[in-house]
Amino acid sequence: MDASSRAAIAAARERLAELTRPASGVIERTKDRLTGQPRATSGPELLALADELFAVARLLDGQLTLRRALSDPAGKPEDRAGLAQRLFGARVSPLALDLIETVARQRWSRPSDLVDAFMELAIEASQEAADARGELDSVEDELFRFGRIVAADRELARILSDRAAPAEGKRALLDRLLAGRVSPISEQLLRNVLTGPHAGNAEVAIERLSEVASRRRGRSVARVTSAVALTSAQEERLTEVLGRLYGRRVELQVIVDPSVIGGLIVQVGDEVIDGSIAHRLEAAQRRLAG
């Protein structure tokens, strides 16, 4: 995204935080003392808000004219917000409407960025619901485990990553795989992201969801691939070393893959530290071939 859209998303996320931040230590529906706007602080309210925001993203993805109207740089911010109010006022909750109007007031680099904005806001609202319910740890674990299932099944990964596959078919498949096996929050996130606008590589999409949960907990995730399972002492030592290296708490997600032969492959975000024997053998072969 260009700078203007990045700033717009930042403003929308800040408004989401204002609307969902508890006004007190009690989890209840309150009103913002300054604006009088309704505030969501409970898990069910936040889950419902996330569903609405995912629905708005899908609607905008299929309506180019509407995207253009809500992001028209020639129009005044309040005029765009007024249009949002007229179009959505009777269809969504006051909380969702507030966010739609906030998005419409911002300056966007391109109309398609609105779709990404509502997807991000929906994911944030869903993760906020997990936090409110005390389920953030378990949601992160469920996302990681489902990601490993997808990674281990090439046909499943192909179907879920196929941009041309009908969304309804993907949703039916995910319903069979997830129903009763994961929390409502994990199911909401996986169903909407893997069948939503701009859905691409399923493994990458699930990994990003897991990373969002980790960031909310103030941690980074290190995905560690090893030829054999690590002992508790080895995991503790590696966590300590990575924590010092990155200057923050690091949580390990260990994947056993005999093809690495020995050593470790560690991925933190986009950075990969490949210390596997397989990697060193490949490097040696390249040097000999060269």
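**Figure 1. The whole chain, to get our bearings.** Of the 290 residues in the protein chain, 46% are buried. This is a predicted model, and its chain is built from 13 helices and six strands. Taking contacts between residues at least 6 apart in sequence, 65% join residues at least 24 apart.

**Figure 2. A close look at the largest pocket.** About 760 Å³ of space lies in this pocket. It is lined by 24 residues, and those closest to its centre are Glu120, Ile123, Val193, Ala205 and Arg208. Helix H6 (113–132) and helix H11 (202–216) each bring at least two residues to the lining. H11 supplies the largest share, with eight residues. Sorted by class, the lining of the largest pocket holds 10 charged, nine nonpolar and five polar residues.

**Figure 3. Moving on to the second largest pocket.** Here the space comes to about 230 Å³. The lining consists of 14 residues, with Arg148, Glu203, Glu207, Arg223 and Ile255 nearest the centre. Two or more lining residues come from each of helix H7 (136–152), H11, strand S3 (220–226) and strand S5 (264–268). The largest share, five residues, belongs to H7. By class, the lining of the second largest pocket has seven nonpolar, four charged and three polar residues.

Figure 4. H8 spans residues 154–161, and Leu156, Ala157 and Leu160 are its buried residues. Viewed down the axis of H8, the buried residues fall within an arc of 100°, so they line one face of the helix. As a reminder, an α-helix has 3.6 residues a turn, so residues three or four places apart point the same way.

Figure 5. Our next stop is helix H5 (residues 94–105), where Thr102 is found. Is Thr102 buried or exposed? Its relative accessible area is 8%, so Thr102 counts as buried, the cut-off being under 20%. Leaving aside residues up to four places away in sequence, Thr102 touches Ala11, Ala12 and Arg15.

**Figure 6. Leu87 in helix H4.** Helix H4 covers residues 77–88 and includes Leu87. Leu87 counts as partly exposed because its relative accessibility is 31%, which falls between the limits of 20% and 50%. How far apart are the C-alpha atoms of Leu87 and Leu66? The separation is 9.8 Å, for two residues that are 21 residues apart along the chain.

Figure 7. Val228 sits in the loop between S3 and helix H12 (232–246). With a relative accessibility of 54%, Val228 counts as exposed, since the cut-off for that class is over 50%. Val256 is 28 residues away from Val228 along the chain, and the C-alpha atoms of the two are separated by 5.6 Å.

Definitions and conventions: Residues numbered from 1 in each chain as written. Predicted model: local features only at pLDDT ≥ 70, side-chain atom pairs only at ≥ 80, totals over all residues. Heavy atoms only, no water. Helix = DSSP H or I, 4+ residues; strand = E, 2+ residues; numbered from the N terminus. Buried < 20%, exposed > 50% of the residue type's maximum accessible area, 1.4 Å probe, protein only. Contact = heavy atoms within 4.5 Å. 1 Å grid on protein atoms, 1.4 Å probe; cavity = no way out; pocket = protein on both sides within 12 Å on 5 of 7 lines; lining within 4 Å. Points joined across faces, edges and corners; volume = space filled by probe spheres on them. Nonpolar A, V, L, I, M, F, W, Y, C, P; charged D, E, K, R; others polar. Arc of directions from axis to C-beta.
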